[in-house]
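Notebook open, structure loaded. I wanted to look up charged pairs and the nonpolar core, and jot down what turned up.

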Amino acid sequence: MTVDQIIIENERRKRANLAPFDPLSGEGSVGERFLFKRGSENLWLPVSMRSIPGLEALSDEAFDRARILHDFPYWAARYAYIKAKGGGEDTLFILNRPQRRLVEEFEKQRLACRPIRLLLLKARQWGGSTCVQLYMAWLQLVHRHGLNSLIIAHQSAATDEIKDMFNRLIQSYPVEMLYDLGEEFSADEKKTEWVGISRSATRVPQRKCKIKVGTAERPDSCRGGDYNLVHCSEVGIWKATPGKMPEMIVRSACSGILYEPLTMIVYESTANGTGNFFHREYEAAKRGTSQFAPLFISWFDIDRYSLPLQDPKRLAASLLQGRESEGTPSDREQSGAYLWWLWEKGATLEAINWYIAERSKFSDHGMMAAEYPSDDIEAFVHSGCRVFDNYKVEELRAGCRAPLFTGEIDSPLIPMAGIYPDDNFRRRQLAEVRFTAGAGAWQIWSPPDYDSRRRIDSRYVAVVDVGGRGDKSDWSVIVVFDREPMMRGEGPAVVAQWRGHTDFDLLAWRAALAASLYDDALLVIESNTIETHDPMRDTDGDQSPVLFNRLRDIYPNLYARPPREEDVRRGVPSKYGFHTNTATKPLIIATLVKVIREGLYVERDGGCLDEYLAYERRPNGSFGAIPGCHDDILMTRAIGLHIIFHELPVPTLKPIAKTDNSFIPSFSSW
């Protein structure tokens, strides 16, 4: 692409962004339209109006009534007064460009006779919340009697704004429009009345509908009743505390809503980190595993974020010249490669010019991205020094999926009551290990592969990150990797995982059972928690080093870390387990950075990717999850992949006798 070609393309983008939009004539309006001549007027009407009998012969009043039922932008521009930005008299609601995209998604679902379910991830300051609330009001005031709405804001100040907005709308709304054409009414009748003593709900008696407003800070105000339309505003910044988790508030508010046409649930927010309720729901919508459709509005979809250029060719030449440069002159600038990426995403030169100017206000890209995200991946970026490239992390999401099975890995051999199992009994249990589908925390993406015609040496690796047994403790995680794809030049894959809270000895035994099921996998247990155990202060059970010695005598393939030369000379016994410390942690994280960057393994659990996105390098040089997030799943990948790529040879076929199937453990039917 040349500078001249950039200028031509930029002019095309600006024309598209500034294309005529007239909600009264319908030109450039939302949805598919057809040209309709009414007298001397050319109108572009929604195609759904074609089916209205005698459309040409309707009176002006009847035609207007018919049109407001089919044409939300028209209704808003005729009857919906809102507060004018910057002050002054109230103004009619004329949809801007991103609002038209939002309404188009609503209308797509409504016209398909589907329930409206949308998850809106947005940049700030374009009126997304206002548009959602007015669309709900349109359904209530125009489409059907008795549709009740519930709007949940993140704090009380926002509820005041919502109440004020609806009051402005209804007070200026013609009372006759609350009735069907020809019905009797009184010009001075009240259009609203309070419901209950708390005044959190307003009723429009003519439409037999309620509008209730609550806050996430007061969950009791959000309990669902007979509601059909729910708008959850700024869900991403709802504070999660015991008793008022976002999931609980949403479930309480929405549980009574039927899955039928003219019902509506919208989760709307700017992003606020990964791994939280809003991020999980957005990812589910994006994968198509949710009732909700996802919609993202970037900063360059918003016309106000644009700055005129005196010399567009100068910026175009700068973009071309720096398009491969990853470096930045300061922490308040973006690299040339990033600015070129904005151009490729569809931003105009004027929008990029605005971005360059605005970026100088922020000392960190994450802060800028939180306010003005360029895509839905960047929207969830954290401030601070992120360890992993978020776009490379997202590429791993293609391999994530629901497990084939959930259940429990155990043994049918149960010790007699009151008798502690000895080592021989434990060995017999391992020999008869099984998987039972159903209740249990094990997630199985690929069952163990026992091909009687071949055996792969050191095929599976099981890794344990040690947490605690209490609900407020860190999670314990067991993961199993399959290295067989490495024989074909591909990367290892996650095939099984357990996550929960339990005592350390029970965790080790659970891991041994899983490793035994997966063809006596190399069992790697992170050991620093155990080795630093203080029995006077710890309440999470026995973490004594004796644990490794007992497990070594029972399970045949326990990982021992490579000995130091000094230890070999002194005859120091092998040390079992992987010790994560200031020396080894940077090594395993460096391996994980490379593996993610180059896509060298297959991840199955989307929760692991959330931990990658919430992992940072702190000012003191240490690594860790941002406050409120976890890194337990991440650490199993860091340890396991480091050992797989740096300490183990590529797996090979191991010759076996034709009649030898002794390595196959017994397990229940998959």
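I started with Lys-392, which comes out partly exposed at 26% relative accessibility. My cut-offs: buried is under 20% relative accessible area, exposed is over 50%, and partly exposed is in between, with a 1.4 Å probe and protein chains only. The Lys-392 side chain meets that of Glu-395 in a salt bridge, 3.9 Å from N to O. For a salt bridge I need a side-chain nitrogen of Lys or Arg within 4 Å of a carboxyl oxygen of Asp or Glu. Glu-395 is exposed, because its relative accessible area is 53%. Helices (H or I, at least four residues) and strands (E, at least two) are DSSP runs, numbered from the N terminus.

A note on the source before going on. This is a predicted model, so I kept local features to pLDDT of at least 70 and side-chain atom pairs to pLDDT 80 or more, while totals for chains, interfaces and linings use all residues. Residues are numbered from 1 along each chain as its sequence is written, and side-chain values use heavy atoms, with hydrogens and water left out.

Next, how many salt bridges does a search of the whole structure find? I got 37. Side chains of opposite charge can pair when their charged atoms come close.

One of them joins Glu-283 and Arg-397 at 3.3 Å, N to O. This pair links distant parts of the chain, 114 residues apart: Glu-283 is in helix H8 (residues 277–287), and Arg-397 is in the loop between helix H13 (390–396) and strand E14 (405–410). Are the two ends buried or exposed? Glu-283 is buried at 4% relative accessible area, and Arg-397 also counts as buried, at 9%. I then followed the network of salt bridges that links Glu-283, Glu-394, Arg-397 and Asp-610.

I also checked Asp-375 with Lys-345, a salt bridge whose closest N and O atoms are 3.7 Å apart. Asp-375 is buried at 7%, whereas Lys-345 is partly exposed at 37%.

Then Arg-97, in helix H4 (residues 97–111). Arg-97 counts as buried, because its relative accessibility is 15%. Its side chain makes a polar contact of 2.6 Å with that of Asp-303 and another of 3.1 Å with that of Asn-17. A polar contact is a pair of N or O atoms within 3.5 Å; within protein, one must be able to donate a hydrogen and the other to accept it, and residues adjacent in sequence count only if both atoms are side-chain atoms.

Last, the core. The largest nonpolar core has 79 residues, and Phe-72, Trp-75, Met-264 and Trp-299 have the most contacts inside it. Helix H5 (residues 128–143) supplies the largest share of this core, 10 residues. A nonpolar core is a set of buried Ala, Val, Leu, Ile, Met, Phe, Trp, Tyr and Cys residues joined through side-chain atoms within 4.5 Å. Leaving aside neighbours within four places in sequence, I found Phe-72 in contact (heavy atoms within 4.5 Å) with residues including Phe-93, Leu-134 and Trp-138.
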